[in-house]
Amino acid sequence: MSFELEELVRPNIARLQPYSSARSEFEGDAEVFLDANENAFGSPAGDSYNRYPDPLQRELKLRLGNLRGVDAENIFIGNGSDEAIDLLFRIFCEPGRDECIICPPTYGMYQVSAEINDTRIKFVRLTREFQLDVVNILEAISPSTKLIFICSPNNPTGNLMKRQDILKIVESFDGIVVVDEAYIDFASDSSLVNEIRSFPNLVVLQTFSKAWGMAGLRVGMAFAGEQVIQLMNRVKPPYNVSGIAQQAVLDAFDQNLQIQKWVSLLLTERERVRESLENMAIVETVFPSDANFLLIKAADSGDIYRYLINEKIIVRDRSSVILCEGCLRITIGTPDENDRLINALKKYDETRFANDVLPMRLGGL
Ligand SMILES: *Cc1c(COP(=O)(O)O)cnc(C)c1O
């Protein structure tokens, strides 16, 4: 591998003179702030919200860095991890010319972001076991390939990609490999975050939206070598994470124990729901999961989906997704919510089984 960041970055981004905000030009111990045209009287929204937030979220990065064992220089904080995905396209992919590789079935935002940024996509399907097809991925790489997206644990299939497969791709590719670990807190294997030390072309995405319970605040993160993080900071909107969001995440770090308890309860519930589903005739397969959801395959997934809506339970219909024909993705809820799901499906299972043995129904097919 010969990773040269200078050759990878779009020339206009390499040349970019980033916006310099009032809050980033002055650092120090002043008492009177007349530099940012803020409302000096106060804010109806609450304490200190009249002031612009820290554009580089330094306190947050310090706490997060301690938690994850990385330096603040290796962390980017975004308005959701979706912002990090978009920034990577804008930094590395020349519209109308460059390419990325996406491995379906996977998270839909990679494709949407690629299309918004007019980046050609080469799709290399996962294998039947929902694992990376390393040979075909490496074969799909061209001189225009700038980004490869890997989701692990993968959405919507729920499984981890093999670590050695990911590292093989990172090692073999001169461009950027993005490993999306949105669900890593639920996984049986550890994060790849520590590998950013060895691989300057590795970007690991995580989010506060799932295990951390802050989807509404929109805070995501990228871990990478200092060079890539600096580029992301140059291209991002200066105040991309609001003051409320930064403060809420800081407060949440003190609730780390609560998060761990929720995660372990969720894992227990996931296996309980799995067992119930596996005992139902309507369910063909419950796929292995390292995430907070289960992907199931059922003969009449469309009917089940509509039936559940009628029961006021919404799951995600993934049956039109490649390799996920007949599949539903079910998020694990609270024990009560999971009971409601299980009971509703049991009822469906029983009536359907009863219907199946009726000659009327068979004749009608
Ligand atoms: C939910 C999810 C995210 C989270 O995105 P945010 O913008 O941080 O809320 C990222 N990647 C995957 C694969 C997801 O499923």
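Start at N155, where a polar side-chain atom sits 2.9 Å from an oxygen atom of the ligand. That pair counts as a polar contact, meaning N or O atoms within 3.5 Å of each other. This is a predicted model, so to speak of local features pLDDT has to be at least 70, side-chain atom pairs count only at pLDDT 80 or more, and totals for chains, interfaces and linings use all residues. Residues are numbered from 1 along each chain as its sequence is written, and side-chain values use heavy atoms, with hydrogens and water left out.

A polar side-chain atom of S81 lies 2.7 Å from a ligand oxygen, and an N or O atom in the side chain of K210 is 3.2 Å from an oxygen atom of the ligand. The protein covers 94% of the 390 Å² of accessible area that the ligand has on its own (areas by the Shrake-Rupley method with a 1.4 Å probe).

Step back and you'll find 14 residues surrounding the ligand, the closest being D180, T207, S209, K210 and R218; to be near it, a residue needs a heavy atom within 4 Å. By class, that shell has five nonpolar, five polar and four charged residues. Here Ala, Val, Leu, Ile, Met, Phe, Trp, Tyr, Cys and Pro count as nonpolar, Asp, Glu, Lys and Arg as charged, and the others, Gly among them, as polar.

Go back to N155 and look at the backbone. The peptide bond from N155 to P156 is cis, with omega near 15°, and P156 lies in the loop between β4 (145-151) and α8 (163-172). Helices (H or I, at least four residues) and strands (E, at least two) are DSSP runs, numbered from the N terminus. Another cis bond runs from P104 to P105, with omega near 0°; P105 is in the loop between β2 (99-102) and α6 (109-116). For background, most residues other than glycine have a negative phi, and most peptide bonds are trans.

Now for some helix packing. The axes of α5 (residues 81-92) and α9 (residues 226-235) come within 10 Å and cross at roughly 95°, with axes fitted to C-alpha atoms over the stretch in contact and angles running from 0 to 180 degrees between N-to-C directions. The two helices are therefore roughly perpendicular, a label for angles of 65 to 115 degrees. Contact (heavy atoms within 4.5 Å) involves A84, L87, L88, R90, I91 and F92 of α5 and V228, L231, M232 and V235 of α9. By class, that's nine nonpolar, no polar and one charged.

Terms used: A polar contact is a pair of N or O atoms within 3.5 Å; within protein, one must be able to donate a hydrogen and the other to accept it, and residues adjacent in sequence count only if both atoms are side-chain atoms. Angles under 35 degrees count as roughly parallel, over 145 as roughly antiparallel, 65 to 115 as roughly perpendicular and the rest as oblique.
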